[in-house]
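Subject: Structure handover

Hello,

Here is the structure I promised you. Please open it next to this email and follow along as you read.

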Amino acid sequence: MCGENVDNFNTTWRLTEPNTLVVLPCTGEYRGNASRYCSSDGKWVEPSYIHCISKSIQQLKEQTAQLLSGESDYNLTIILKDLENITHDNDELRSGDLLTSSDVLNDIAKYVTVQSDKLEVDQLEIFGSLCDNLLDERNHRQWKELNDEGSGGVTPLVNAVTEYNDAFNEVIDSNYSLVVAKKNVVMQVGKASVDEITVPDRQKTSNSWIAESATEIKLKKNICNGQTGYSSTFYRNISSFFPEYLILNGEIKSFNGSYDVNSIVADFTIHGTPCSNYSLIIKFEHLLGKYTKPFCGHWNFSTPNTVNGAWSSYGSQVVDASDSYTICEYNHTTNFAILMSPGKTPSSHHDPLSYISAIGCGVSILFLVITILIHFVLWRYLGNDRTKTLMNLCVALILSYILFLAGITRTENKIVCTAVAVALHYIFLTDFALMLAEGIQIVRMVVIVFPTKSIVHKLIPACWIVPACIVGISAGVTRLKGYGNDQFCWLTLESNLIWAFIGPALLVIVINFVIITITVYKMMTSRGLAAKTLKVKSKIGLKSICVILPLFGVTWVLGAFSVNDDLVIFQYLFAIFNSLQGLFICVFHCFLNKQVRQGYQQYQRRRQANRMDSKHSTDFSNLDRPKSRLSINDNSRAQEK
C-alpha cells in the first residue's frame, strides 16, 4: 500500500492500493485536478500538476485569447505586468501555471506580430523579467515534469520569445540595440548596417552571467541590403528541459543516452529578409568537459509527428572543436545548441589512445604469428598440453585483434555493427577462457608435480564452447539490444549487457591472481630455492611473474582504473599492456624460454646430422660410380670380341 503522504504543495494523498491512479481537486486558488500514481510496489510516484492552473493566470489567458480573436482590446503592457507580478518570487507555481503562462506569451507574440503598433519600448524589460521568473531555479522541477509528461517542456516559452523579439524590431531605431540582462536570460534586439554583427554586446552585458561564458554568435553578411534587424536570446539553464529527440537520416530518434545538450541554448533571428546570403558562426562553450563527438544542433519547431519539434543538424557543420568549446556554422536562424555524446575518454586523448591501440594490436599480431611458427617448427621438442593451450590462445588473440581493428568502428551499418559486437563478445570471452585454462594447467603442475592424466582434450573444447553458450544466452535474452551503438560496435555501457563480459572476465582474473600467488609461493618454498638468498629468490620470483602475467590477463585490472577520467595514465597503461600482450607472450615464451632454446638446439643438431648423413651418402655414391663404369666397359669389349 502507498502510505499517507503530503507533497510539496500541501496536497494530502491518502492510503492507497497499488496500481492505482488517484485524482484530487487542486487546492487553494487553483482550478483543475492533480493526479498521482501508486506503483505496483506500493510507492508513490511524483504528483502531476499539469492540469492545475492558478485562477489569476487562467484569467490572463482568457484575456489574451480575447485579444487574438478581436473580442476585446486589453492593454498589452498591463497583462505583461500582471503576469510578471504573479510569477515574481512565487514558490507555489505548478507545472500547469508554467504551461499556461507560456501560452499567454505565445498569444501576446502572435498578437504583436500583426498589431505591431501595440508594442512599447519598455515592454521588452517586462517581457524579459517575466521569462526570468518562469525560468528560475525554483521552477526546474515543474519544467522537468512538463518534459516528462510529453508537453514539449520549455519549447512553448522559447517559441514565444523568438516571435516576440522578432516583432519588437518594429520599435527599434536605426543602428541601435536594446539589451535586457537577467539572472536566467539575456535578450538583445537591434538594427545594424555593418557587415558583421556579434552578440552578446560585451559592453552592455559586462555585469551579466553571459560575460563569463565564451558562447558568442556572429552574423557574417555577404549580400545584404541596408540595415539588418536582429534579435538574440541566451538561456542560462534550460538545456535539459527540451524533449530528447533528434532527426537522424530523416528519422526521429530518442537520445537513449547517446547525446546530451552540452551548451547553453542560444536564439538568433534576422528581422525580415534583407539578406539573401549570410552565414551564422556560433562558438559554444561546453557545460561539461567529458563529452565527445560534437553535433551542431538547432531546434526545428515544425518537425512532424512531434509535440513541439526535435533537434536537427540540417544546414550546419562543425568548423572547429576542442575540449572546452565547439564552433559551428549555420545557414539559417533559430534556436541553437551543441549536442555531444557522453564519453569516458577526454577528446584530447582519444586519438593518441586509438593510435597506441592500433599499433600495439598490429605488433601483437606479428609476434603471435612468430610464436605459432616457432612452436610449429619445434613441435617435435615442445609439443605438450601447455603448448597446445598456448597455441589456441595465440590463435584466439590473433582473431580478436583482427576483428577489433577491422570492426570496432563500423557503426555506419547497424546489422554489421551488431554482428561485430557479438563476435567480439565471443572471441574476448574465449581469450579469457583460454587464459583460465593456462592457469589451471600451471597450478596442476605446481600442486601435482607429476600429473598422470591429461585434461587438455576436455579443457580446450570447453574454452571454445562455453563462451558461445554465454553469448547465445545474452543475445537471446536481450534480442541483440545493447550490441553496438552510434560510437562503437561493442557492448553498450548504458545496458546491463556489459556484465555478460565483465562478470566472466573478472572471475577469470581473480582465479588467475590466486593461481599466481600459489605458484610463486610453492616456488619460493621448494627445496631447490629454500637455501637461496633473498636476492636470488626475488629475482626468480619476479621473472616467474613476468612469464605468467601475459598469459593470465591480469593486466586487465588496469581497465578498472581507466574508467576514471581523472586517471588518464591508467588508460594509456591499459591500452599499451593489453594491445602488446602478443609481444610479451613471444618474448617470455619463445625468446627467453629455456625449453624453446633447448628445442632449437636439438633441431639444429638434427639438421646438422641430416646434412652429414646426406653428405656421407653422396660420398659413397661417388666411390661406387667408377667401378660401375668399368664393369660396363668390360662387358662392351667382351661383346665386341
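**Two packed helices**

Start with helix α4 (residues 123-134) and helix α6 (residues 155-168): their axes come within 12 Å and cross at roughly 170°. Keep in mind that this is a predicted model. An angle over 145 degrees counts as roughly antiparallel. So α4 and α6 are roughly antiparallel to each other.

Now look at the side of each helix that takes part. From α4 come Q123, L124, F127, C131 and L134. They meet L157, A160, V161, Y164, N165 and F168 of α6. Sorted by class, this contact has 9 nonpolar residues, 2 polar ones and no charged ones.

**The chain as a whole**

Next, zoom out. The chain has 641 residues, and 45% of them count as buried. It holds 18 helices and 21 strands. Now take the contacts with a separation of 6 or more: 71% of them are between residues 24 or more positions apart.

**Salt bridges**

Side chains of opposite charge can pair when their charged atoms come close. How many salt bridges does the count come to? The count is 12. Here are some to find on screen.

- K118 and D73 form a salt bridge, with their closest N and O atoms 3.7 Å apart. K118 sits in the loop between α3 (95-114) and α4, while D73 sits in the loop between α1 (55-69) and α2 (76-87), so the pair ties together parts that are 45 residues apart in sequence. K118 is partly exposed, at 28% relative accessible area. D73 has 56% relative accessibility, so D73 counts as exposed.
- R94 pairs with E92 in a salt bridge, and here the closest N and O atoms are 3.4 Å apart. Are these two buried or exposed? R94 is buried, with a relative accessible area of 4%. E92 is partly exposed, with a value of 39%.
- R138 forms a salt bridge with D136, and their closest N and O atoms are 3.0 Å apart. R138 is at 26% relative accessibility, so R138 counts as partly exposed. D136 is buried, with a relative accessible area of 11%.

Stay with that last pair for a moment. D136 and R138 also belong to a network of salt bridges that links them with D89 and D91.

**A buried charge without a partner**

Now move to helix α10 (residues 414-447), where D431 lies. D431 is buried yet has no salt bridge. How far away is the nearest side chain of opposite charge? That side chain is R386, and it is 16 Å away. A salt bridge needs the nitrogen within 4 Å of the carboxyl oxygen.

What does D431 touch instead? Not counting residues up to four places away in sequence, D431 touches L393, A396, L397 and S400.

T430 is buried, with a relative accessible area of 0%. Leave aside its neighbours within four places in sequence, and T430 is in contact with A396, C463, W464 and P467.

**Where to begin**

Begin with α4 and α6, the roughly antiparallel pair. Then find K118 and D73, joined by a salt bridge. Finish at D431, which is buried and has no salt bridge.

Best wishes

Conventions
Residues are numbered from 1 along each chain as its sequence is written. This is a predicted model: local features need pLDDT of at least 70, side-chain atom pairs count only at pLDDT 80 or more; totals for chains, interfaces and linings use all residues. Side-chain values use heavy atoms; hydrogens and water are left out. Axes are lines fitted to C-alpha atoms, for helices over the stretch in contact, and angles run from 0 to 180 degrees between N-to-C directions. Helices (H or I, at least four residues) and strands (E, at least two) are DSSP runs, numbered from the N terminus. Angles under 35 degrees count as roughly parallel, over 145 as roughly antiparallel, 65 to 115 as roughly perpendicular and the rest as oblique. Contact means heavy atoms within 4.5 Å. Ala, Val, Leu, Ile, Met, Phe, Trp, Tyr, Cys and Pro count as nonpolar, Asp, Glu, Lys and Arg as charged, and the others, Gly among them, as polar. Buried means under 20% relative accessible area, exposed over 50%, partly exposed in between (1.4 Å probe, protein chains only). Lys and Arg count as positive and Asp and Glu as negative; His and the chain ends are not counted.
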